[in-house]
Amino acid sequence: MDWRHRANCRGKDPELFFPVGEGDLARWQAARAKAICRGCAVLVACRDWARAHEDAGVWGGEAEQERRDQRRRQGRRRARPSS
């Protein structure tokens with residue numbers, strides 16, 4: 001069985017996980033989506049998948065900007081020469 005079948009978000013309104021804009025409603029939606037993610041048994045698998053494949057929405061408890069920041073940090077780590 002795929003990890004997505006065990007996700008807490010399964011059956012929830014998908015629009016909650018794809019807030020539009022940066023206003024109060026969007027922040028509330030992102031916070032609500034992250035709260036659903038918090039207790040999820042497949043949070044790590046979801047987050048890892050999203051970091052590699054998804055640019056939009058809340059996945060694995062992370063919003064779009066958080067994933068972009070993580071990718072940037074990982075890119076810098078890979079770019080450093082080893083001592």
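The mean positions of the 19 positive and 12 negative charges of the protein chain lie 7 Å apart. Here Lys and Arg count as positive and Asp and Glu as negative, while His and the chain ends are not counted; each charge is placed at NZ of Lys, CZ of Arg, CG of Asp or CD of Glu.

The model is a predicted one, in which local features need pLDDT of at least 70 and side-chain atom pairs count only at pLDDT 80 or more, while totals for chains, interfaces and linings use all residues. Residues are numbered from 1 along each chain as its sequence is written, and side-chain values use heavy atoms, with hydrogens and water left out. The pLDDT score is the predictor's confidence in each residue, from 0 to 100; its mean over the protein chain is 90, and 92% of the residues reach 70 or more.

The protein chain holds three helices and zero strands (DSSP runs numbered from the N terminus: H or I of at least four residues for helices, E of at least two for strands). Confidence is highest in helix α1 (residues 24-38), at a mean of 95, and lowest in helix α3 (residues 64-79), at 84.

Of the 83 residues, 30% are buried (under 20% relative accessible area; exposed is over 50% and partly exposed in between, with a 1.4 Å probe and protein chains only).

Turning to the cysteines, a disulfide is taken as a pair of cysteine sulfur atoms within 2.5 Å, and the count is zero. The sulfur of C46 is 6.1 Å from the closest cysteine sulfur, in C9, which is too far for a bond. C46 is buried, at 10% relative accessible area, whereas C9 is partly exposed, at 32%.
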